[in-house]
Amino acid sequence: MSSSNRQTILIVDDSEMNRSILVDMLEGEYEMLEAGDGLQAVGLLQNHSTEIALMLLDIVMPNMDGFGVLEVMNRRHWIESVPVVMISAESNTSRIDQAYEMGITDFISRPFDAQIVHRRVKNTLLLYAKQKDLEALVAEQIYEKQQSSALMVDILSHIVEFRNGESGLHVLHVRTLTELLLRRLVQKTDQYHISKDNIAAMSMASALHDIGKISIDEKILNKPGKLTAEEFAVMKTHSLIGAQMLESLNMYHAEKVVKMAYDICRWHHERYDGRGYPDGLKGDEIPISAQTVALADVYDALTSKRVYKPPFTHEKAVEMIVNGECGTFNPLLLSCLEDISGDIAREMEPKEFEGPSQAELSDMIQNLSQHKELSASSRTLQLLEHERMKYSFFAAMSKEVQFEYTILPSMVSLNSWGAKWLGVDEIIMEPFENKNLMGLLDEQDWQTIMEMLEDTSPEHPYVTYECRLRHNDKWRWFRFIMQTVWEGEEPPQMTGCIGKAVDIHDMRTNLESLERMASYDGLTDLLNLNSARKQIEARMKAHPDSNYALAFFDLDHFKDANNTYGHAFGNHVLAHVAELLRQNVRGMDIAARVGGDEFIIFLEYQQELEAVIRRIYRSISGGDFQGFTVSMSMGVATTEMVEPVFTDLLKAADQALYAVKQSGRGRFQFYDGTLQSLKPTRGNYADQSLSPIESKEDGKAES
Amino acid sequence: MTLQELYTEIGGDYSEVRGRLPSDKFIQKFVLKFLDDKSYDLLISSLEQGNSEEAFRAAHTIKGMCQNLGFNTLLASSAELTEALRSGLTPEAGPLCERVKEDYGRTVTAIRSFQEGMST
């Protein structure tokens, strides 16, 4: 046997010696995984849940004890696929009960006995292997035969039987006998107009004859002794209740099987002489289907063992029925019974029929009834495992940190790539206490994320958040995409969230440099007009009560510089002016190149604006740059004179500048509200503030 | 010294152990392994630091090992100590710990001389 075929057992015990003893006892037959405490066990389960065939679990352990492990296994539904055998010196029965409640399969007490350990492990594995196979079988059967109601009918009727404490064969017997009787009946007479299809449908429907018993109190249903009159009255209601149950299946009224089942449920306790219940129908007022099932029911009751009687032989049973000892029946049916008497014994033998055997079906039902929901078949688990593997591979390739957070128990689990990359554990209990984890983000970001998660709802469970995350002591930008997970109804409870963090650092850095490129003038590295306008508008909006000034200037005789020394020299002049400007404005001020040789300065002031403007003007104007005398003309508009609107300020400053140009250049002037009458606006900045160069150029041509 | 004699020396029922565990070799291996186990040191240091939770787990582990190995004398005292520590430090813990110390010492001494007897 190759080692990969061996089943894997996870041994969880904090004592190394106790683990070794178990390993030594089981070695050779199984693969072994060991965990020294509950936390390690959860980690191994997380990564190997489909491989682990059995877990031996100690109770008293550091970090997380055995009950903690069971709690996690219940929450994550691992307990449904991984059987747990508890090992402990624990003699406290309430603790043992608690462990069974939490889904353990068996208990091994210390001291270990090699034989017992072996036997328990083997039995548990066998039991689970069988159950897994059956689950797979049921899943497959249900899937394949969804269209055929036969299996569902069988399952339904068996559920009733199990509740009834009966063998499970009763339904099958009644069904077989009903079919035999009906076949014989149509050979003898056609007075009931029963087609072949109807025989099949009636036989199938017969399985549901006692479905109403599901509503009868188990105490009455399974009472070993004779029922009291009162109890019998309750018991008798099952036929009508069964019929009502079927009647309430509105959608299926047209189904032949359902219609027949209704007749059978309601009237299978009527008697041919009119002394039955619930309606006291007589003779052929009772549908033939119900008459047949009633006969089959009585026959099987007689030939089966009951608490209060041994089984009668086939011969004896037929004799008793024909002699009228068990009620009165349609004579025609009685003769059918006698006719087929020789066949019955053979037909009733347990036999192979397509699909699961009767015993298997019983097991299935028992398994089904133990599980609240049909747990995933092993094939499904394998598929899931495959998907998980695929996803974690792609996640590692795409450098994604994936995580899952559960509120109860408070736990974060990360994909292995993510955990390794971040330098944290894959499973983190009490994550908010974990310094490593908490150190990954700024405290403010943690808080914002938690608040955003708390604000989600089942309808809007998504949260996206970008923040910096610490990696190797450097901060990188990450985008968190999360979805909260909700369970239950009215109201749904948030149970945690799943999510991933994607590295967007490079993308974001590129974006920032693009933004910068878009905002700044390439030649002078000052803001361009568009960005300056945005910043200025934002500033004025944030503090609308402050006083602002906008200075608009251009260089005098710049055209001459360009013409005399060439454009390259002109560019140097502009860069020089920009540098002077940068040096001489305050940090709060906004300086920008509008275009050509035009610049603006935006500043906030309290008083003495003129002194500030003069200082700036003098720091730039009047100097010499490689033989070119830098001189400028400047117009200044203030929010004391103009509405605090960028375009209005710019227009006013431009008018003041124009006035300076008209009166001989080389100075600055404030817009005082009177200039408008002197000269009409040159450029319409209100509409074309983003392209003032052309309009200005027109003006310059005149000057 | 034989295993049988060792068990008599430290107060254990060898035939009971032999009935449970697969072979003499198996028993011998784990009896010797008992010397390497750190639970006793952990028990003593935890008690010194007043860490009753850790001490409880250590005592519990010793108890479990003694159960498996059939060291009945040490099992009895460590089991009592475990119970005394289950809900924190109780007054009984002190004297019980003294008993565990004594029993542990005797057990370890006996195993060591058994070990020496093997190598000669």
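The questions and answers below concern a predicted model and its chains A and B.

Residues are numbered from 1 along each chain as its sequence is written, while chains are lettered from A and ligands numbered from 1 in the order in which they are written. Because the model is predicted, local features need pLDDT of at least 70 and side-chain atom pairs count only at pLDDT 80 or more, whereas totals for chains, interfaces and linings use all residues.

Q: How many helices and strands does chain A have?
A: Helices (H or I, at least four residues) and strands (E, at least two) are taken as DSSP runs, numbered from the N terminus. On that basis the secondary structure of chain A comes to 28 helices and 19 strands.

Q: Which helix of chain A gives the most residues to the side that touches chain B?
A: Two residues are in contact if their C-beta atoms, placed from the backbone, lie within 7 Å, and by this criterion 16 residues of chain A are in contact with 18 residues of chain B. The most, six residues, come from residues 16–26, which form helix H1 of chain A.

Q: Which residue of strand S5 (residues 106–109) of chain A stands opposite Met86(A)?
A: Two strands pair if DSSP finds at least two bridges between them, and S4(A) is joined to S5(A), running parallel, by four bridges. S4(A) also pairs with strand S3 (residues 52–58) of chain A in the parallel sense, again over four bridges. In S5(A), the residue opposite Met86(A) is Phe107(A).

Q: How many residues of helix H25 (residues 646–662) of chain A are buried?
A: H25(A) has 17 residues and reaches 24 Å from its first C-alpha to its last, close to the 24 Å expected at 1.5 Å a residue, where the expected span is 1.5 Å times one less than the number of residues. Among its buried residues are Phe646(A), Lys651(A) and Asp654(A). H25(A) is largely enclosed by the rest of the structure, because the number of its residues that are buried is twelve.

Definitions and conventions. A residue is buried if 20 or more other C-beta atoms lie within 10 Å of its own, exposed if 12 or fewer, and partly exposed in between; C-beta atoms are placed from the backbone.
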